[in-house]
Amino acid sequence: MQAKALLKAGRGWALVFPLTLFLMIFYLAPIVLMVITSLSQAGETEGLSWSQYAEFFGDGFNLKVLWDTVWLGTQTTIVCLLLGYPLALLHSRTRPGNWRSILTFLIVLPLLTSAVVRTFAWIVILGRQGVINSALLSLSIIEEPLRLLSTHHGVIAALSQIQMPLMILPLIASMARLDPNLEAASASLGSPAWRTFWRITFPLTLPGIIAGSMLVFSASVSSFVTPSVIGGGRLMFMPMYIYQQAVSLFNYPFAATISTVLLITVLAVVTLLSSLGSLTRSYTRT
Amino acid sequence: MVNRRLSHLSRRSVLGAGLFVGSSMLLKACGQSQTSTPAPEGEEAAASAEGEGGAIGGSVSAVAYPGIWEEAHREVVASQVKTNQDIDATIVPMLANDQVAQLIAAPDNPPFDVCLLDEGPFRAAPREDILQPFPVDMSPSFANLFPDFQGGEEVWGPTVAVTAIGIGYNADRYESAPAAWEEFWNPENAGRIGLVTMNSSLGTAFMVEVAKRFGGSEADIEVAFERIQELLPNVAAVAPSPGALATLLQQGEVDIAPVYMNAVLSLQDAGLNMGWAIPEGGSVGIRATMSIVKNPQASVEAAAAYIDTVISAEAQNVLAASPYFFGPTNSEVQLSGPFEELFSTDPQDFISQLIYLDWDTINLNRPEWIERFNREVAV
Amino acid sequence: MANSTLVRAARSPKQSTKDWNGRTFNWAMKLGAFSALILLTAPTIIILIASFSAGETLRFPPPGLSIKWYIALRELPELWAATWNSLWVATFTTLACIVLGFAAALVLTERRSRLTQALEALFMSPIAMPPLSVGLALLVFYNFIGWRVSVTTLVISHIVVGVPYLVRTILVSLSQMDGSFRDASASLGANGWYTFRHITFPLARQGVIAGSFITFLTSFDNITVSLFLSDARTQVLPVRMLTLVQNNLDVRAASIAGVLVFATATLMVLMERFVNLSRFVVTDR
């Protein structure tokens, strides 16, 4: 009887084995190998060293690329939060029904359309003969078309649109768990709207904000298509730098170094935010 | 959400490192037995092919630069090679340096059968390792090429087109055509200039020409880098490839840029008010060569037939006319239209009016220049 | 939608709508929400309108409307080949993810321990990794073990980045299944297979379908991993489209975009109908 139970337990575990093995070989091993490659020495010398990292961090250009990338991710996250939060609120306050379904559809559709398509749309919007410039010109607000493509702000605008669903969806989820009675109680006690918001709604949705920020940040700093197409050749971010070093210059070790730096940056921010997240979670539960 | 336990993960990944190394070694062993079967079918196929009439058949995968090259080779060359030889050609859009990098990375298993290289990358590439000599006897059109374009003694492949570099401009915004590269520095061009990275022949030739205008040479373009620094505040965009630069001109993102003649002429053909001018001192000609790679997947016959089609008078007459306007290398081609206005109806005349750069000298410094350019233009 | 009030407080009798505080709050939130809605939807709408242009170049607004650029798509054989490649890669990826992900999710729902938690973190972590780093790591890895880049390596790589979505949606759908459910079934004498067929699988089915849909689209749309790992002979659609958008910016690129948007939207509506897709997207298990 006991042997049978053990066998059963073992069989239960067996099902998890294929995926675990698969990811160990084709996911963890490659990443470990990439980190080892990044520690290899320049030239044919054997052995591990920090020389690639010394090269990376010893060069102002590389530091600027890293900083620009992190800054881009931060700005995009902030824009997504500022615009996404009200929309998530609207969604959660819309009664389930057709309107709500339409809203969900509009929020999810951009997430599921091709990244190239979404980026392409932004060329049409930001171009000198694009939507924004035509509109401003015909309203005589400007006389000369503005340069919006190939600028940092253009990249932020496009990235914000592309990543916004990643912010909104966790927000909606956290708002769904919000007890409406809390807000109603606060209001009926005479608390003004803004106060209710800052005291009740906002803190209670912090887990959603943090989850969304995490997703938007990591997606933005690692996005490749949008910054390279909208940003052009004069704006350099980490993913494009990796690609250039690996594919055009065939410098795998240095590409691996840049890639590891990016990976660690993302993991650091994710870990930071998620520990903040568990803090707020315990706070919202009490 | 999901990620809060990533910290645990990293510890586990360290613990499991031994397993990975072990499994990697095992896979490596499997991999080696897999790669050790490159079939030298090329020569055999070539030997059996001679003298047989009828279509060759099969398929070939050939590179063309992204943009107008890709379009022209697909619409003209691929369709002719299908009709004449029943060969299914796939066009792979790729820049010259990327092709060389990929060929060096996988010499046993090249990702395409026919490569297309400008002089610079062609002369810099380790040709013996990645290309095979062009089988002249399989190419009836080869004899009609101008002697200069038959590839010299080694014959790695024929020159398939000559493209001219000049100043492309938006004719809505300029009353008269810009006359020299120096005009880029005119204050009226602020915010309108487009450039392309030195990764392309176009970008490199532009920098070399600028250097020459200001006292430099193929060996030393320091002065061009200095002058570019002054120009940067006025530069609207730096494109990653010549095709992308043409796109920027088309979209009105930039109004003036160093571009290939055929890129601008085809935009004119699409109804845009664009102009192209030969700069003072002459227009640089870029000769592009097509070669069969080592260990191609296609038969050498099919690959040779593809290249033969590109250099045939039949294809080049179409490629030299609207809307493609590629400079021909086949002596039987007649030129007309814009070629007549800008240069001549005689291909020989057109070719001799262009100036050619010393790419061997340029190649000595080119990798550093590319890197430096990318850094200096970064905002 | 438009008349819904964002402030619950405003509905209570004590607070009149004249309340300045409530008003500014309402306005601020509405302004934000509508800006966000416009930002989210305008690009898709603009690209759809632009794709029906009758002009020769991509301009907005288009000089006239026609479907000629959709018809012109027929003349791009490489594009169709690339679409076909992408469909195959996405199909194989999804099938493999279903098998691997479903098996793993079964164990994760049945057992809660530190080990399963760690495993779940492992299965989910590819979502958080920069995909370009994963792509480069795999490229270095394949080079190291001597594998050539091919469709197989591409599918393997897509499984790595696609499997988290399936594991997640299956976990969500199985989380409704109480362990007692299965225990009851077992105590009634049903064997494991019977329980699986009649209880576990029907419950998980919606999760499998929704997850397959997302995984399929993720693979079909993947560009960062494919850039490194697709062989030039078997180019995939997104990579092909990127070249097209960068180098021949013409209206055809918009019409391809139009086709993709229509296809995605249709699939989404179908998915919402049959498996209530948003339940899986809007959840924070």
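Predicted model: local features only at pLDDT ≥ 70, side-chain atom pairs only at ≥ 80, totals over all residues.
## Chain A: helix after helix

Reading along the sequence, chain A follows the pattern α-α-α-α-α-α-α-α-α-α-α-α-α-α. That is 14 helices and zero strands. (Helices here are DSSP runs of H or I with at least four residues, strands are runs of E with at least two, and both are numbered from the N terminus.) The radius of gyration of chain A is 24 Å, well over the 19 Å that the globule rule gives for 286 residues, so chain A is more spread out than a compact globule. (That radius is taken over C-alpha atoms, and the globule rule is 2.2 Å times the number of residues to the power 0.38.) Along its principal axes, the C-alpha trace of chain A spans about 85 × 75 × 30 Å.

Buried residues make up 55% of the 286 in chain A. (Buried means that 20 or more other C-beta atoms lie within 10 Å of a residue's own, exposed means 12 or fewer, and partly exposed is in between; C-beta atoms are placed from the backbone.) As for contacts in chain A between residues at least 6 apart in sequence, 74% join residues at least 24 apart. (Two residues are in contact if their C-beta atoms, placed from the backbone, lie within 7 Å.)

Residues are numbered from 1 along each chain as its sequence is written, and chains are lettered from A and ligands numbered from 1 in the order in which they are written.

The model scores ipTM 0.86 and pTM 0.85. For chain C, the mean pLDDT is 82, and 86% of its residues reach 70 or more. (pLDDT is the predictor's confidence in each residue, from 0 to 100.) One stretch to read with care is residues 9–15 of chain C, where pLDDT stays under 50; the model has 18 contacts for it beyond four places in sequence.

## Where chain A meets its neighbours

Start with chain C: 78 of its residues are in contact with 89 residues of chain A. On the chain C side, α1(C) brings the largest share, 17 residues. By class, that side has 56 nonpolar, 16 polar and six charged residues. (Ala, Val, Leu, Ile, Met, Phe, Trp, Tyr, Cys and Pro count as nonpolar, Asp, Glu, Lys and Arg as charged, and the others, Gly among them, as polar.)

Then there's chain B, whose contact with chain A takes 31 residues from chain B and 29 residues from chain A. Several elements of chain B supply at least two residues each to the side touching chain A: α1 (6–15), α2 (17–35), α5 (96–105), β7 (235–239) and α16 (359–377). The largest share, five residues, comes from α2(B). Sorted by class, this side of chain B has 15 nonpolar, 12 polar and four charged residues.

## Strand β10 of chain B

Now for a strand in chain B: 10 of the 10 residues of β10 (residues 284–293) are buried, so β10(B) is largely enclosed by the rest of the structure. Strand β3 (residues 114–118) of chain B pairs with β10(B) in the antiparallel sense over five bridges, with B:D118 opposite B:A288. (Two strands pair if DSSP finds at least two bridges between them.)

Strand β5 (residues 159–170) of chain B also runs antiparallel to β10(B), joined by six bridges. There, B:A161 has B:A288 as its bridge partner. Strand β4 (residues 131–132) of chain B pairs with β10(B) in the antiparallel sense too, over two bridges, and B:Q132 stands opposite B:I292.
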